[in-house]
Structures are given as C-alpha cells and as structure tokens.
Amino acid sequence: MRRLKGQLSLTMALIVLFTVAVISLLSNILIAGEFEKYIGAQQKEKADDMISNFSGQYDGLTGRWNEEYLHGAGMYALYDGYIVKVYDREGAIVWDAENHDMSACHQVMTEISARMKKWRPDMQGSFAAHDYPLTQNGQAVGSLSISYYGPYFLSDSDFRFLGALNTVLVAVGLASLCAALLVSGVLARRIARPIIRTGYIAKQISQGDYSARFEGNTGTLELDELTAAINHLSDRLAGQERMRKQLTADVAHELRTPLTTLSSHLEMMIEGVWEPSAERLQSCYEEIGRLSGLVADLERLEEMEHENLALHKTRVDLMEVVRTVCASFAADLKKKDLFLTVEGGSSILEADRDKLCQVMVNLLSNAVKYTGAHGHICVRVEDGEDHATLTVEDDGIGIPPQELSLVFERLYRTDKSRNRESGGAGIGLAIVKSIALAHGGTVRAESRGEQGSRFIMTLPKL
C-alpha cells in the first residue's frame, strides 16, 4: 500500500508534467504556425520589393534595361533561394539566373528541397514559378518570373531558431518539473505529517490511551479542524471512561448500603440474636423497596434513552402542565417553607403530556431538595414563535461550573457525600435530557456558584 506522501507527490508531479507538456506543445504549434505565417509574408514582401526594384531598371528613353543591376540583384536573390528571370514587353529574356549560373541555381534548389524534406516532410512542397508584370507610370515594360520553394521555405538559421525555441521549451518544462517535484514533496510532507500523526493518535485512543493529544497548529484550516476533532474525541472518550467508572462505583454504592443492612439484619435474626419483630422486618422491607426503586429508576431511564422511545403526542398547554405539577408539591413546599412563583403564559405544543409531567416533577423535585428553608423557586414558561421554553430556577446550593456539563449523565451526583434520602441516585436529570431529546428539544443547566441553579428546556411546538 502506497504512502499518502508518495501519492501526493506523484500526483502533483504528474499534473505539473502534463500541464507543462500541453503548454509546451501548444506553444510550439502556435509559435511555429505564426513563424510560418511570418515567413510567407516575408516572401511576398520580398517579391514586391523585387518587382518594384526591377521595374525601375528600364530606361524608357533608350528602351534599354540596366543589365548590370539585374545581374547583381538576381544573383543576390538566388543566394536567398529565389531564381529570377526578367522579360521585356515582347517576352524576350532580358536576364535569366539559370543562363548565368546553372550550377548555382541547381545547387540552391537541391539544398532547399533537401532541407525542407528533412525538416518538413509532411509539406510535400516544390519549386514553382510565379509571374509578375513590370510597369512604369502605368505602362507595361516587361515581366518578372520568380521561382521559389512553396508554399514557403526556411533557411538554416530559421531552423536553428526553431530548434533553440524547442530546446528552451524543453528546458523550461524540465525546470518546472523539478520545481514541482520539490514543491509537491514539501507540500505533501506538510499535509501528510499531521494526518499520519492524527492516525497514530487515533490508534492510541482506540487502545485506551485517552491522554493522547495533537499539539500545535498545522497552518491549514481543514487539518486543524481534523486534529481538533480528534482531540475533542479523545476528551469525550476520556469523559465517558470516567463516567463509566463512576457509574460502576455509584451503582455499587447504591446497592451496597441496602444489601449490607439486609444482610446484617437477616444474619442477626437467623442466628437468633434478634427476634424477627415487625419493626425489624419493616426495616428489611424498606431496604428491599430501596433496591426495587433503584432498579425501577434504571429501567425507566433505559426506556427514556432508548432510540425508539414511544411518544404519544397531543396538543398540550405547557403552562397547564406546570400548574398541575406545582400544585402536587404543595406539601413539600410547605414543609420547607419554600416560596414558589409561576410566570409566563399559555404555550400550546404537540408533545407527550405524561413525559412533560415527568420532566416537571424531576426538575421541581431537584429544586425543592437543594433549596434551603425559606428559599425561593421560580418556574417560567415562555411562548416563542416556533418553540416553547420551560425554566426552573432556584436560589439553592448551586452547581460547580466544572460539573454543569455532567449533571445530565446517568447516576451522576454533584454532592458525592449525600445519601439517597437527601439526593437520590442521580437519574432524574438524565431522564429529563432523554425526554427533551425525544421531543427534538434541548436542555441545559446554568448556575451562579452557590447562589442557585437554573434549568432551561426548549421544545419545538410541532
């Protein structure tokens, strides 16, 4: 299996190589095409210059041609690849390059044909004569025949130029490829290193080492988000592991006390130390009831947290639920001399009324337990456009800030020293959270240190 770094480097190098190759090919085709157009235009310009110059070599007064100039200009044109013939107005030859130097003409034609067939075999060109009229003051004085390789021909210097251009393009391509390999290697290393490190940390986490963390920043947003997610996962798993251990300890603690009491009482009665009086049997019965209550709490929590929790939704007035539950706590409130206020108005939503009653009972029960005598509890219902909010606030003992995110975990208790009578098993808020989530809502806890707590549940209306 190939490494990520190697794959990234190879992919980037291939992309750059392909890009450079395409650019070089297109550049070569474009430049060569433009150069050929330029050569064709130069040939036409050369022919126009010769027509103009040769037309001026006829003397209309004497009717004679300047043969010395024709010879010089004709031989100069020959060495450029043009074979020239000049005719007078009657069609008689005035000057002919082939007549003056047949061998030179043949050599020029042979060299140009061989050069073009070597470098442009697909052109299939040949020498052809092109006739042009020679005039003075609008009057014909003769004609000019120019033979050259068509549709165009290139000199040795032209081919050297094109060769140098191709060399430059190849050099640029190779230099770009080397630079791309270097840059892609550095970039691939920069990308692969945090990914490899993250994979190693994930492996450590899978083996139970929840202390593994990715330290520092990668400088890349997506990689930073990946490492942050891994760190968050490690934190969550560490928290879950602590909760699992705490759950085991709490369950053991909750079972130990009643089982110890039952064991000691029954042992004393079996050995005849105690008489099995109604009072002692009642004590055993109460301990059994405590165990049954714990099991019932756990069963109820399991039902609430089950993903298929059945909700029997009807149109419910949240304020009516609040008032009903608050009325049932009248005796508890009076016993501790607590002052309860209910604020807000009616809020109609589609919900399971029994489950909402359970939520209100659990929240209000907690508020009563942890609010001191003569304290104050406030229950508030707020009606929003698409959601309803239930808030239960007290001025009791509060919740430590570091434990606010844990109070909704099953069997979690902020006061580890309290017993069942004063604090319960830590299941009520877990049930509240499960019911809120089942309705598509949320619940959160807020606290002002030791000055009280606030529980806020938000539920969608539909």
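The following dialogue explains how several computed features of this predicted model are read.

User: What lines the second largest pocket, and which residues lie nearest its centre?

Analyst: On a 1 Å grid over the protein atoms alone, a pocket is an open set of points where a 1.4 Å probe fits, with protein on both sides within 12 Å along at least five of seven lines; lining residues have an atom within 4 Å of a point. Points are joined across faces, edges and corners, and the volume is the space filled by probe spheres set on them. Here the second largest pocket holds about 450 Å³. Its lining comprises 21 residues, with Y79, D80, G81, F153 and S155 nearest the centre. Two or more lining residues come from each of α1 (4-55), α2 (67-79), α4 (102-119) and α5 (156-206). Helices (H or I, at least four residues) and strands (E, at least two) are DSSP runs numbered from the N terminus.

User: Which element gives the most to that lining, and how do the lining residues divide by type?

Analyst: The largest contribution is that of α4, with six residues. By type, the lining has ten nonpolar, five polar and six charged residues. In this scheme Ala, Val, Leu, Ile, Met, Phe, Trp, Tyr, Cys and Pro are nonpolar, Asp, Glu, Lys and Arg are charged, and the others, Gly among them, are polar.

User: How many salt bridges are there?

Analyst: Side chains of opposite charge can pair when their charged atoms come close. A salt bridge is a side-chain nitrogen of Lys or Arg within 4 Å of a carboxyl oxygen of Asp or Glu. This rule gives 14 salt bridges.

User: Where do K44 and D48 lie relative to one another?

Analyst: K44 and D48 form a salt bridge whose closest N and O atoms are 3.3 Å apart. Because the two are four residues apart in helix α1, about one helical turn separates them. Accessibility is read by cut-offs: buried is under 20% relative accessible area, exposed over 50%, and partly exposed in between (1.4 Å probe, protein chains only). K44 is exposed at 55%, whereas D48 is partly exposed at 38%.

User: Is D96 buried or exposed, and what do D96 and K85 tie together?

Analyst: The side chains of D96 and K85 meet in a salt bridge at 4.0 Å, N to O. D96 lies in strand β4 (residues 93-96) and K85 in strand β3 (residues 83-88), so the pair ties together parts eleven residues apart in sequence. D96 is buried, with a relative accessible area of 5%, while K85 is partly exposed at 21%.

User: Where does N137 lie, and is it buried or exposed?

Analyst: N137 lies in the loop between β5 (126-136) and β6 (139-150). Its phi is near 55 degrees, a positive value in a residue other than glycine. N137 is exposed, at 81% relative accessibility.

Methods:
Residues are numbered from 1 along each chain as its sequence is written. This is a predicted model: local features need pLDDT of at least 70, side-chain atom pairs count only at pLDDT 80 or more; totals for chains, interfaces and linings use all residues. Side-chain values use heavy atoms; hydrogens and water are left out.
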